[in-house]
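Please examine the sequence and the structure shown below. The paragraphs that follow lead from a working definition to the overall fold, and then to individual residues.

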Amino acid sequence: MEEMIELTNGKKTISRSKIQFEANVKHFEMRGFKPVENNLKENIKEVDKTFENEAKVIPIRKKRKTRKKKWKT
């Protein structure tokens, strides 16, 4: 069975096989993924998706669709 390795970019954690990681190290580094150490797993915080200024958000008004004019011949 293949050995799995966990990778993180700070926000997201993924697990890939060690063979795939070694073959594509530059690809993962370019995207910001690095192997997770056991100590780092506890330190990674989940992203809070609430807005601080949620009450100040103004809804966007939709534009009206215009009708095509009929051509007279």
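A residue is called buried when its relative accessible area is under 20%, exposed when it is over 50%, and partly exposed in between. Glutamate 2 illustrates the middle class: its relative accessibility is 49%, so it counts as partly exposed. The model under discussion is a predicted one.

The protein contains 3 helices and 3 strands. Followed along the sequence, these elements come in the pattern β-β-α-α-β-α. Of the 73 residues in the protein, 12% are buried. Among the contacts with a separation of 6 or more, 37% are accounted for by residues 24 or more positions apart.

The strands form an open sheet of 3 strands in the order β2-β1-β3, and the pairing is antiparallel. Because β2 and β3 (34-35) stand at the edges with a single partner strand each, one side of each is left without a neighbour in the sheet. The antiparallel pairing of β1 with β3 extends over 2 bridges. Here leucine 7 stands opposite proline 35, a residue of β3.

Strand β1 comprises residues 4-8, and threonine 8 is found in it. Is threonine 8 buried or exposed? With a relative accessible area of 11%, threonine 8 falls under the 20% limit and is therefore buried. The side chain of threonine 8 also has a polar atom that lies 3.1 Å from the backbone nitrogen of glycine 10.

Strand β2 spans residues 13-17 and includes serine 17. The relative accessible area of serine 17 is 10%, so this residue is likewise classed as buried. Which residues does serine 17 touch, leaving aside its neighbours within four places in sequence? They are Glu2, Glu3, Met4 and Ile5.

The contact with Glu2 leads back to the residue with which the account began. Glutamate 2 lies in the segment before β1. Not counting residues up to four places away in sequence, glutamate 2 touches Ser17 and Ile19. Glutamate 2 and isoleucine 19 are 17 residues apart along the chain, and their C-alpha atoms are separated by 7.9 Å. Glutamate 2, in contact with Ser17, is thus partly exposed because its accessibility is 49%, whereas serine 17 is buried at 10%.

Terms used:
Residues numbered from 1 in each chain as written. Predicted model: local features only at pLDDT ≥ 70, side-chain atom pairs only at ≥ 80, totals over all residues. Heavy atoms only, no water. Helix = DSSP H or I, 4+ residues; strand = E, 2+ residues; numbered from the N terminus. Buried < 20%, exposed > 50% of the residue type's maximum accessible area, 1.4 Å probe, protein only. Polar contact = N/O pair within 3.5 Å; in protein donor to acceptor, adjacent residues only side chain to side chain. Contact = heavy atoms within 4.5 Å. Pairing = 2+ DSSP bridges.
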